[in-house]
Amino acid sequence: MTTPSSVPTPSTATWRLVTPPHPASLDDAEAWAYRGIADLHATAAAEDLGSSDIAPTAIGILVGMNNQTYLRKLRQIAVVDTPAGPQVVGSAFLFLHVHSNPELAIGVVVVHPEHRRQGIGSALTRWVQDTARAEGRTTLLAPVDFGPAPDSAAGMLTPASGSGTVAADLPGVRLAQRLGLTLELVERRSRMDLPAAPEVVSRFEAESRAVAGDAYRVHTWTAPTPEQWIEQYAALEQALSDDEPRGGLEVESDVWDADRIRGEEAAIAAKGDRYVVTAAEHVATGRLVAMTMLQWNDLKPEHTDQQATVVLKEHRGHRLGMLVKAVNLREHARLRPGSRRIYTWNNEENPHMLAINVALGFVPAGGCANFQGPLTPAPE
Ligand SMILES: CC(C)(COP(=O)(O)OP(=O)(O)OC[C@H]1O[C@@H](n2cnc3c(N)ncnc32)[C@H](O)[C@@H]1OP(=O)(O)O)[C@@H](O)C(=O)NCCC(=O)NCCS
């Protein structure tokens, strides 16, 4: 194991900030940092969210850092030295869109539960702010994940748009408010426990097929995306990025093209992820007008993530959202019978998508509170 190279930091006797080394592979000695970030996220998520399901894997971090074309990613960590080597006790992650949102920085800071209230979060936040400003960014978006907790005695915060709430006394909420950021959007995380009753899924499939009729034909695939569909698949991702309600967040849609889909496919393969997509083709035009994706990794055998679901505007109202979801759930059950749950994220201002998920049996399981505001100096 190598020692992290120290950089000038606002360090204390027990911890210091370090730019994590970027290893060629997880077999390298330098992979201690990415492995440590993954361990830290798993510990913090278990404590804060009640489950480490959504924590990233070390290979996911490595592959993400290898892919900087559409989203630049910068990291900083807080470490303490132990007899076994450096331990990662804090992590800051900065995302910068490359082809859109030139003013925006997205920052996430997580501190190990046993090392909180020592100023590590503040120091990492200062790094986020200073680095973002040095990159010419003027706005900060801070997503704060929260678990399925009961209402807080300290009260609940609601964004100006009025949908969704988050407990006012969560550490991340307090930190975001101290930075002068405003709650602009709450996303709901929902969980569907598996196995789903096959007769329920097939009833939804049959009902939605009856409404959609012969005008639409369904296609299901696993990696790689068939070349025939790749452009249209990218157009659906673009439509999702253009149309998704974002509450009060000031975030532009991003750029999606076939090259980006190919890059995502390569990243999915490098991480060892697998997926199943179901799409609906409008028979008369040969155009893909709806799709949904479920993605998973066998390093996390119990859970699956719902990724994008979209129906093009002019084809809404034909139950295509439910149709592609029901077919995809059936295929997922066949491909991955051991999965125990699926997570999905919907913003609270998307009632149609939420209604489909509730009907399918998804239940609320926490969420993400998105704060945004001008980049101001960090707290001392
Ligand atoms: C939020 C988090 C990063 C803070 O880390 P930390 O190392 O404890 O932070 P600091 O000690 O530097 O405290 C920073 C400020 O956050 C606020 N804060 C943090 N924990 C708090 C708590 N339990 N109660 C009240 N305020 C709190 C305070 O404003 C604090 O400043 P103060 O100590 O001068 O009052 C940490 O609690 C965490 O990892 N939470 C889960 C992940 C998360 O929500 N991250 C934010 C998403 S971007």
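Helix α1 (residues 32-49) and helix α2 (residues 58-66) cross at roughly 120°, and their axes come within 8 Å. The axes are lines fitted to C-alpha atoms, for helices over the stretch in contact, and angles run from 0 to 180 degrees between N-to-C directions. Helix α1 is therefore oblique to α2; angles under 35 degrees count as roughly parallel, over 145 as roughly antiparallel, 65 to 115 as roughly perpendicular and the rest as oblique. The crossing of α1 and α2 is right-handed, a term used if the near helix is turned clockwise from the far one by less than a right angle. Helices (H or I, at least four residues) and strands (E, at least two) are DSSP runs, numbered from the N terminus.

This is a predicted model, in which local features need pLDDT of at least 70 and side-chain atom pairs count only at pLDDT 80 or more, while totals for chains, interfaces and linings use all residues. Residues are numbered from 1 along each chain as its sequence is written, and side-chain values use heavy atoms, with hydrogens and water left out.

The ligand is surrounded by 20 residues, each with a heavy atom within 4 Å of it. The closest are Val109, Arg117, Gly121, Ser122 and Arg178. This shell divides into nine nonpolar, six polar and five charged residues; Ala, Val, Leu, Ile, Met, Phe, Trp, Tyr, Cys and Pro count as nonpolar, Asp, Glu, Lys and Arg as charged, and the others, Gly among them, as polar. At least two shell residues each come from β4 (104-111), α3 (120-134), β5 (139-146) and α4 (171-178).

| Residue, backbone atom | Ligand atom | Distance |
|---|---|---|
| Val109, N or O | nitrogen | 2.7 Å |
| Gln118, N or O | oxygen | 3.4 Å |
| Gly119, polar atom | oxygen | 3.0 Å |

Taken alone, the ligand exposes 900 Å², of which the protein buries 78%; accessible areas come from the Shrake-Rupley method with a 1.4 Å probe.

Arg117 is placed in the loop between β4 and α3.

Two cis peptide bonds may also be noted. One joins Leu194 and Pro195, with omega about 5°, and Pro195 is found in the loop between β8 (182-193) and α5 (198-212). The other runs from Ala223 to Pro224, with omega near -5°; Pro224 lies in the loop between β9 (216-222) and α6 (230-243).

How values were computed:
Polar contact = N/O pair within 3.5 Å; in protein donor to acceptor, adjacent residues only side chain to side chain.
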